[in-house]
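Subject: Structure handover

Hello,

Here is the structure we talked about. Please open it beside this email and follow along.

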Amino acid sequence: MIEKLLVLSAVDDCPLESLATLEVVAEDSAQKYPQKKCLLPSINILLIENIPQSGEILYPHLAEIDYICYQVHTCPYSHLTPGVVAQAKPNLLVLIAQGDHVLKAVQTLQQRYPHLPLVVIDPSDRPDLATQILHSGAQDYLSFQELSPNLLARSIRHAIDRHQVEQQLLRQAQYDRLLVQITQHIHQSLDLATILEAAVKDVRELLGCDRVLIYRFLEDWRGIMDVEAVMPPWLSALGDVVGDSCFTERYVEAYKRGRIHVVNNLDTTPLVPCYRDLLAHYQVKANLVVPIVVEGRLWGLLICHQCAHPRDWQDSEIELIKQISTQLAIAILQAELYQKAQAEIQERKAIEAQLLYQARHDRLTHLPNRWFFEEQLRLTLSYAAEHPKYHYAVLCLDIDRFKTLNDSLGHGTGDLFLQAFAQRLTRCVSPQDVVARLGGDEFAVLLNDIEGIEHAQALVHQLQDRLNHPFEIDHYTLYSTVSIGLVMGNPHYTSSEELLRDADMAMYQAKTKGHNRIDVFDPVMLQQVRDRLYLEVELRQAIERGDFVLHYQPIVKLRSQSLKGFEALLRWQKGDTLISPKVFIPVAEETGLIFELSRWVLHNACEQLQQWQQRYPKLQSVGFTMSINLSANQFSLPTLVAEIQQTLEHYHLAGHFLKIEITESTLMQHLDSAREILAELKAMGVRINIDDFGTGYSSLSYLRNLPLDGIKIDRSFISQIDRSQEDLEVVHTILVLARNLHLDCIAEGIENTTQLQLLRSLRCPSGQGYLFAPPLTTDKAEVYLQEHIL
């Protein structure tokens, strides 16, 4: 009988007599078993008895096993608790049981203590039960009949070895699964914080550490505890900043080179005092540090802390942390690249938004521009098409005399005025309306959701009144008025261009009628514009084809009715129809075609005069002249004098045979340059007459100061002198003025003998009109010339 050494332990959940310890070693009270020497570490066995005193059958077998020492703890199955297992600290569980509850007991032990290998000993030999027990997780199944010291020793060693291998494989599978999980998370997510937090939590749970954290380096190589998973009751280090120069100087360079720092036991590992103090501050007993290197750059550290007790870090654990550090470096790089890409995208979006804003808004006033305004108009058109009762209107506004303001006060002040005008215009309309700057001093307004034309007109009058208030700009008090065109939206409009076109047309009509006016669009305006456009096209084609002729109207001496000269008058020969200059000259002046037409008139009139002088030499001796009209546009040309001189020289004409007729309005528009131009023409011998005198300024000043030769009394006065005493007095006054200023005087539009007699009585020297002859073709003019000169 083996003497049992009982060691009683105070275990809360197991009675003292339930846990007995037997050391089966070389010490033996019976002479039967010789003393042996333990060559291998002692194996702790927790013997679980489901049959009372059944464990005693093992003791002789254990005692006979050479070179292996065993420490056996016994406990009844009914009293087995986690506390008992923790107290015993076994390497192996041995269950002795029989009956129908054996399989259930095995399954229960496997569920509760999967980290311990299990051997089952059954008093009976049941192969069918053995298979089920082994499938349930037990390492071996033995029967009492087959027990022997060697079989028992082999079963114990194999059970422990197999279980260790299984545990290693299980841990490796868990490590691999964690790596796969982290890798998948990195590939599936760009949220670095979530990835790091999940990683430290999973590592702590898998390795059973007390604290796992990620330490991120700052620019000055201090570090912050950035992410943490900690097990109570240990202190949290999250957010702490470590600025110890000792730590920085001694360890950072090593970590840059990829050093892995392992401390299994703080008390026995040689460390510099500053680092030991740092670990002690965080209650660390064992420490594992792996650097996180992102593309050769030390980003931070992955740190595992064991605080409750020292810990021997296994190679597999170190390798796992290294692999996780590599995956975290990938996640960090991925996040940095994503953040950089996002920053670039945001920067690009900001640039695109800025470019879009600039493309849609006026740079000076920051109002929507024409393009954006037309987009809003298109939206309104679309909405109105679906809601027939919806009313809206479009306004075009032009600031009156803005060019004068801009030229006189400077473009800087002009820009300030436009900005102030835009701000006031915006404040004068409701938030639902759209205000835009179309360009220059032209603005547009879209009035949304109005009641009708009367409502629109009332709003426009209010708007005009508020815009007429003075502006305080750059120490100036500036007054301005606006010309406004209004067009009401209706189902006939299909595009924003049509609306803007008609509003602009109405504004142009308001502008031409005077300043500070409001005009509502009328379809007649559009037809007039189309007619004018068609006329311009035809006019250009007529110039290319040369469809113009000169007619000549005689200018006669009223006393003798002898011929003094011709006035060359331009006519457009359109098929069999002659088109009056009153129809096409305004279009020619507006389009610039007047320059080409005027040059044509000058050259053809001079050429015809040359031919007549060559044919009828008497014309030179009687001083026969050719009169032509200069437009305001032509008078503004700096090359005018040179062109006239070259033309006269080309046709070998003396200057005094040519008369230039200029309207009063043309002179007044170019008064500053008129003196010089007229003086140069006068020096060439060219004579200068004022055309349509009496309808313009009729200023004595320019008559007295400019080198003029004569004036032509406008036909509006001549046509009424036989019926209007006032017109008669006006003509008389003009004639007296002309004589006093030594100017020749020609009366236009003489149509009857009464008018002729009155003009003779007033001593008017010259005249022209249908009483003498209408404008004549070249052939008829030559016949008239022959009849009245030769």
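**The largest pocket**

Six elements each supply at least two residues of the lining of the largest pocket: β21 (563–574), α16 (581–591), α17 (594–615), β24 (658–663), α21 (664–669) and β25 (687–693). Helices (H or I, at least four residues) and strands (E, at least two) are DSSP runs, numbered from the N terminus.

This is a predicted model: local features need pLDDT of at least 70, side-chain atom pairs count only at pLDDT 80 or more, and totals for chains, interfaces and linings use all residues. Residues are numbered from 1 along each chain as its sequence is written, and side-chain values use heavy atoms, with hydrogens and water left out.

The largest pocket holds about 1100 Å³ of space. Of its 36 lining residues, the closest to the centre are Glu-567, Leu-569, Pro-581, Asn-629 and Asp-691. The lining of this pocket has 13 nonpolar, 12 polar and 11 charged residues. Ala, Val, Leu, Ile, Met, Phe, Trp, Tyr, Cys and Pro count as nonpolar, Asp, Glu, Lys and Arg as charged, and the others, Gly among them, as polar.

On a 1 Å grid over the protein atoms alone, a pocket is an open set of points with protein on both sides within 12 Å along at least five of seven lines; a cavity is a set where a 1.4 Å probe fits but cannot get out; lining residues have an atom within 4 Å of a point. Points are joined across faces, edges and corners, and a volume is the space filled by probe spheres set on them.

**The cavities**

How many cavities of 30 Å³ or more does the whole structure have? The search finds 2. The largest cavity has a volume of about 130 Å³. Among its 14 lining residues, Met-225, Tyr-275, Leu-278, Leu-279 and Ile-303 are the closest to its centre. That lining has 12 nonpolar residues, 2 polar and no charged.

The second largest cavity holds about 40 Å³. Its lining includes Ile-45, Gly-55, Tyr-59 and Leu-152. By class, there are 9 nonpolar, 1 polar and no charged residues.

Asp-727 lies in helix α25 (residues 725–740).

Best wishes
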